[in-house]
Every structure is written in C-alpha cells, then in structure tokens.
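Visitor: Please show me the model. I would like to go through its rings, helices and loops.

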Amino acid sequence: MSENIFVIFNGSPKAGGNTDFLIDRFTTFLGERDVVKFVLREMNISPCRGCEMCSISGRCVIKDDMYDIYKKIENCKSFLFFSPIFFGGVTSTLKSVIDRCQPFWARKNILGKKFENNNRRGLIALIGATSFLKGYECAALTVKWLFNVIDVAENRTLYYMNIERHSDFLNYNIDNDIYKTIEFFGESEE
C-alpha cells in the first residue's frame, strides 16, 4: 500500500541557492500535506559500484543513506525532483541517487517484480542560468529514465531558465506552477 506523501529530492549542492528557494516555495504551498524532503547534499550516498549484486537479490549491497530513499520510492506515489542544471544534466549528487536505483531496474527487468501502485506521478523542476533548452531536456530525460524504472506513469517537467538569483524567479508564475502541480498530483486521491 502506498503512502500519500510528497517525496521531494533536492539535488542542489548549494545551501540557500535557487533550488532551495524554489523548493521552499513549493513546500509552503503544500502546507499541511505530508512531505518528506531528501536534501541529498546532507546525505551519505556512495556512487553505484556496478557490482550487479542487485541483479541477484533486488537489493543494493552498499550500506548508506540510500536505504531511506529506497523505502520512500517503494512505498510512496508522488515524487518531486529539483535540480540545477550542470553542464546539460542534473547534478552529480542527484545522478548518483538515480544510478543507485539500479536495484529497482533489476527487480523489474530481471526478477519480474513491479510496483503495486500504478498511479505514481512525478515532477521534474530544473533550474539554470542558461537558456539553452537542450541542456534542460537532457537533464529531464535522465529523471524520466528513473520514472520509467519505478513505474511513474505520469510526469510533468518545469524549466526555470535564466535564473541567476532568487529575484529572477519573478519572470515566472511560480504560484500557478505550484497550483497546477498540486492539481496534477491529485492530492486527495488514495
């Protein structure tokens, strides 16, 4: 049974930066709803070793903070990924988390186990100083690969381009984006 919790992944390595600012806006609007926020820069997460042990057991052998993330991915249905754009991709911190989700790929494609909840939804919010669209699309595709693996059936992506400082968000209707996101997730659905 899946929990009706918003699981937020903060991929920014910088505390107090534009990604934190945007996440704070989102969580303010989420109000009393259940929210779990993973601030990845504060977590102990090793990169994938490529040992393929997860292909046998469906579990990762590395013992670190990913286990908290695994539990939420297994038990929740609403995922929000926030990342600045670094050289046309998500940050290395977020990419490590995505790579460490290989056990979910192994469960699905080798061991034949799928998630029970097929009503999973995801949001990708990408923030960058550049206006080069391909960089955002490439970063979004990385997260969409993860969504495919963890059976996120529906997702939407928000691009916040030309963001150098917090005040640059004034060029966007963030409140509207948040309302539409809450609507998209259908927060009253079970």
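Guide: A term first: contact means heavy atoms within 4.5 Å. This is a predicted model, where local features need pLDDT of at least 70, side-chain atom pairs count only at pLDDT 80 or more, and totals for chains, interfaces and linings use all residues. Residues are numbered from 1 along each chain as its sequence is written, and side-chain values use heavy atoms, with hydrogens and water left out.

Visitor: Which residues does Phe-29 touch, not counting residues up to four places away in sequence?
Guide: Phe-29 belongs to helix H1 (residues 18-30). Helices (H or I, at least four residues) and strands (E, at least two) are DSSP runs, numbered from the N terminus. Phe-29 and Ile-182 lie 153 residues apart in sequence, yet 8.9 Å apart in space, C-alpha to C-alpha. With neighbours up to four places away left out, Phe-29 touches Asp-175, Ile-178, Tyr-179 and Ile-182.

Visitor: Is Phe-29 buried, exposed or partly exposed?
Guide: Buried means under 20% relative accessible area, exposed over 50%, partly exposed in between (1.4 Å probe, protein chains only). Phe-29 has a relative accessible area of 24%, so the class is partly exposed.

Visitor: How many aromatic pairs are there?
Guide: Rings of Phe, Tyr and Trp (its six-membered ring) pair if their centres lie within 6.5 Å; planes under 30 degrees apart count as stacked, over 60 as edge-to-face and the rest as tilted. By this rule, the number of aromatic pairs is 14.

Visitor: What kind of pair do Phe-9 and Phe-81 form?
Guide: Phe-9 is in strand E1 (residues 3-10) and Phe-81 in strand E3 (residues 76-84), 72 residues apart. Both Phe-9 and Phe-81 are buried. The centres are 4.2 Å apart and the planes 5° apart, and the pair Phe-9 and Phe-81 is stacked.

Visitor: Why is the pair of Phe-104 and Phe-115 tilted?
Guide: Phe-104 is in helix H5 (residues 102-109), while Phe-115 is in the loop between H5 and strand E4 (120-127). Both Phe-104 and Phe-115 are buried. Their centres are 5.5 Å apart; the pair is tilted because the planes stand at 45°.

Visitor: Which ring does the charged end of Arg-120 sit over?
Guide: A charge sits over a ring if NZ of Lys or CZ of Arg is within 6 Å of the ring centre and within 35 degrees of the ring normal. For Arg-120, the distance to the centre is 4.1 Å, and the ring is that of Phe-115.

Visitor: What is the orientation of H3 to H5?
Guide: Axes are lines fitted to C-alpha atoms, for helices over the stretch in contact, and angles run from 0 to 180 degrees between N-to-C directions. Angles under 35 degrees count as roughly parallel, over 145 as roughly antiparallel, 65 to 115 as roughly perpendicular and the rest as oblique. Helix H3 (residues 66-75) and H5 pack at about 40°, with axes 11 Å apart. So H3 is, relative to H5, oblique.

Visitor: Which residues in H5 do Tyr-70, Ile-73 and Glu-74 in H3 meet?
Guide: H3 brings Tyr-70, Ile-73 and Glu-74 to the contact. On the H5 side, the residues are Pro-103, Phe-104 and Arg-107.

Visitor: Is Glu-52 buried or exposed?
Guide: Glu-52 lies in the loop between strand E2 (35-39) and helix H2 (54-57). Its phi is positive, about 65°, although Glu-52 is not a glycine. The relative accessibility of Glu-52 is 57%, so the residue counts as exposed.

Visitor: Is Asp-151 buried or exposed?
Guide: Asp-151 occupies the loop between helix H6 (133-149) and strand E5 (152-160). Its phi is near 60°, positive in a residue other than glycine. At 18% relative accessibility, Asp-151 counts as buried.
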